[in-house]
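Colleague: I have a structure open and want to learn how to read it. Could you take me through it feature by feature?

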Amino acid sequence: MEKLAVERSLREAASQELREAAVRPMLQKPGRGYKLLVAVLCVVVAFGLAGFVDQLIYGMSVVDYNNSAFWDVNIANFITIVGVAYGGAVVSAVLRLTGAQWRAPLTRIAEATAVVTVLIGGACIIPSLGRPNMMWEFITRPNFSSPLIWDALAISTYGIASVVFFYVPLIPDLVIAQQTMGGRAGRVRTLLWRKLSWGWQGLPAQRRLIDRMMGLLALMIIPLAVSVHSVLGWAFAITSFRPWWSEELWAPLFVIAALYSGIALVILSCAALRRTYSLQKYITDQHFKRLAYILLPFGATYLYLSVADFLPGAYHGEPGTAAVFRQLFFGSYALWFWLVVVGGMVVPLLIIALPQTRRVGWIVFAAACIVATFWLNRVLMVVVPTTYDMMKGTFGVYSWTWVNASITAGAMAAIPLLILLLFRFVPILSVTEIEELEKQQLGGTGTDLIEETPEEV
Amino acid sequence: MNWSNARVFRVISYGVFEAVLIATTALMVVGLSRSPVAGAATPPTQGVSATAPGPVLGTLTVVSRPGPSSSLVLKAHFTGSASITKSSVAFFVVTKEFGDNLNVPIGTAKTSQDGTATINYAPTWNGKEQFIAKLTSGLGDAGAPTATSYHQVTASGPGPLYASANPLRPFSLMGHFFVGTILTIVSLVWLTLISILLLLARRLPRMAGVMDADSTTE
């Protein structure tokens with residue numbers, strides 16, 4: 001009897017600790033480092049907005065759009081950031097559908113990363129338009145022959161689905177956050193949470209309803225994400241008949257690239273937030289290893305698809321494609337291309353494959369390499385074929401200006417900024433899910449949730 | 001006025017140049033007004049009798065050949081004050097496919113002793129077509145006598161070559177259906193998402209309300 005009481009009190013203490021950890025970003029008074037980071041990110045975002053305003057006033061020539069380079073890094077930013085949104089959603093959805101219990105501490109961060117990146121990525125298309133005010137005509141005068149309308153439709157649908165997928169499992173945690181923080185939550189948060197939690201009381205019927213909805217959403221989010229990245233690949237193939245763009249492999253290549261770089265971004269987000277909010281007890285080293293294991297087949301598949309993309313094109317020798325490939329392999333873009341191959345594929349895959357380097361630090365380094373080089377990869381995919389002159393068989397010049405550099409930096413800085421700000425309003429851990437899976441574990445129905453021993457750490 | 005020698009020389013040069021220009025133009029106008037009407041005095045050609053120059057008149061007849069093939073017989077007949085024998089006649093079809101009313105050559109033939117030249121032609125598209133026959137032997141293009149005829153062509157062939165080189169795209173046959181299907185799927189996804197939110201917004205408070213009512217009753 002006494003033993004049971006001790007166990008119960010231990011469980012209650014652990015539960016309280018978990019709840020405190022989940023609301024830690026809201027409880028902790030922002031330190032100097034946090035404030036400095038937020039200030040720097042705000043300045044970079046403001047700099048990006050200034051660049052965009054400059055482009056609106058002076059036209060596309062300020063980002064070096066010209067006859068020989070009609071698309072640029074803005075398109076690459078759009079593909080990269082929408083792409084990484086896939087990782088967060090799929091990690092959460094697939095692990096939810098397969099019942100992988102170790103997912104629980106990661107899902108909130110993964111879903112938040114997906115929401116933030118899809119919103120920023122979707123907005124990144126605006127700077128690449130000469131007249132953004134024409135966006136309205138997507139709705140009022142849609143042209144269904146244009147691939148861009150399907151792009152907009154796919155991304156907006158996926159964006160809405162990501163927001164719903166983030167929100168539904170959040171409902172119980174909003175009540176928990178309210179209970180944990182009490183008066184410390186402040187009036188705005190309390191009001192927001194009360195409105196958004198729809199009278200959640202944790203009843204079995206409410207739980208069943210949420211679980212059913214989450215199952216449905218998890219089923220929907222995967223094909224939606226596949227459709228977004230396929231449509232992006234097809235948009236290249238049919239927007240303009242450029243060399244290399246019309247490759248049939250681009251749709252699967254885009255999907256795999258999105259998964260690969262998206263999971264890498266989830267690793268980076270988890271690592272940064274774990275360190276910032278001291279969540280090592282919940283997001284363990286084992287989680288990073290498992291995410292790395294997921295990364296491995298996607299990296300290998302991307303490498304294989306890349307070879308399958310380049311080999312027949314280079315062998316066949318169609319003039320435009322051959323010229324673009326020559327430029328990539330040996331020409332003025334060779335340094336960047338090989339950096340992508342080595343830094344984005346070979347090195348990360350080796351880091352994950354070798355047991356000696358399969359540690360958190362190395363995994364985070366590999367993830368950083370993947371995210372950075374896959375942005376570079378998209379820049380090459382966009383810029384090299386656009387600068388190719390199909391009449392003369394020569395390459396035009398595309399150059400960076402302060403405007404496209406600032407817009408790029410602003411978009412990239414907006415991701416951590418929004419994630420940090422988001423967790424000032426919502427719990428960083430999915431408390432209900434963790435507790436539920438812990439109960440299952442105690443009942444012997446699941447695998448270990450936090451199965452790491454101190455030795456493993 | 002203090003004019004330099006160079007300036008005086010330049011003014012004189014311009015004056016002489018303008019005078020020459022005006023004189024040339026005047027001569028051309030006079031010459032043109034005195035020349036005979038184009039085509040009225042056709043210079044002698046290889047086929048046309050040189051001894052008896054005079055106006056040449058042409059007629060063009062287009063008839064469909066009997067039988068299953070849709071080929072045509074184009075018969076151009078030229079008459080003049082002298083016999084037109086062994087003269088070259090070029091046949092054209094007028095088309096807008098490659099620009100504004102371009103004459104596309106479809107064949108040439110020599111005139112017979114009675115001044116008739118005949119070719120066979122297999123058209124590849126349907127419609128009312130304009131055919132032209134031009135007596136070309138030894139004549140400049142502007143002065144060549146021509147004959148024109150219109151004919152309603154009914155082709156049974158495979159159609160123009162340009163069409164077969166650019167086949168119909170598969171989705172063009174079912175484009176509306178395809179667009180409609182995808183839009184329906186997207187609408188269903190949006191509806192499902194909205195329904196999920198509405199369902200949660202309605203049922204979660206109701207479930208909580210039932211629980212509250214139960215506890216109050218107890």
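Modeller: Start with the elements. Helices (H or I, at least four residues) and strands (E, at least two) are DSSP runs, numbered from the N terminus. Chain A has 17 helices and two strands. Chain B has three helices and seven strands. From its N terminus, chain B runs α-β-β-β-β-β-β-β-α-α.

Colleague: What kind of model is this, and how do the labels work?

Modeller: This is a predicted model: local features need pLDDT of at least 70, side-chain atom pairs count only at pLDDT 80 or more, and totals for chains, interfaces and linings use all residues. Residues are numbered from 1 along each chain as its sequence is written, chains are lettered from A and ligands numbered from 1 in the order in which they are written, and side-chain values use heavy atoms, with hydrogens and water left out.

Colleague: What share of the residues in each chain is buried?

Modeller: Buried means under 20% relative accessible area, exposed over 50%, and partly exposed in between (1.4 Å probe, protein chains only). In chain A, 54% of the 457 residues are buried. In chain B, buried residues make up 29% of 218.

Colleague: How do I read contacts along the sequence?

Modeller: Contact means heavy atoms within 4.5 Å. Take the contacts with a separation of 6 or more. In chain A, 82% of these join residues 24 or more positions apart. In chain B, the share is 58%.

Colleague: Why does the end-to-end distance of helix 7 of chain A agree with its length?

Modeller: The expected span of a helix is 1.5 Å times one less than its number of residues. Helix 7 (residues 147–167) of chain A has 21 residues, so it should span 30 Å, and its end C-alpha atoms are 30 Å apart. Of those 21 residues, 15 are buried. At the start of this helix, a side-chain oxygen of Ser146(A) comes within 3.1 Å of the backbone nitrogen of Leu148(A).

Colleague: Which residues have the most contacts inside the largest nonpolar core?

Modeller: In soluble globular proteins, nonpolar side chains tend to be buried together. A nonpolar core is a set of buried Ala, Val, Leu, Ile, Met, Phe, Trp, Tyr and Cys residues joined through side-chain atoms within 4.5 Å. The largest has 158 residues, and those with the most contacts inside it are Tyr158(A), Val168(A), Phe236(A), Leu328(A), Leu429(A) and Leu200(B). Helix 11 (residues 250–276) of chain A gives the largest share of this core, 16 residues. Another core, of 21 residues, lies apart from it and includes Tyr121(B) and Phe131(B). Outside four places in sequence, the contacts of Tyr158(A) include Tyr86(A), Val118(A) and Leu224(A).

Colleague: At what angle do helix 12 and helix 14 of chain A pack?

Modeller: Axes are lines fitted to C-alpha atoms, for helices over the stretch in contact, and angles run from 0 to 180 degrees between N-to-C directions. Helix 12 (residues 285–316) and helix 14 (residues 334–353) of chain A pack at about 145°, with axes 9 Å apart. Among the residues that meet are Leu296(A) and Phe310(A) from helix 12, and Phe337(A) and Met345(A) from helix 14.

Terms used
A polar contact is a pair of N or O atoms within 3.5 Å; within protein, one must be able to donate a hydrogen and the other to accept it, and residues adjacent in sequence count only if both atoms are side-chain atoms.
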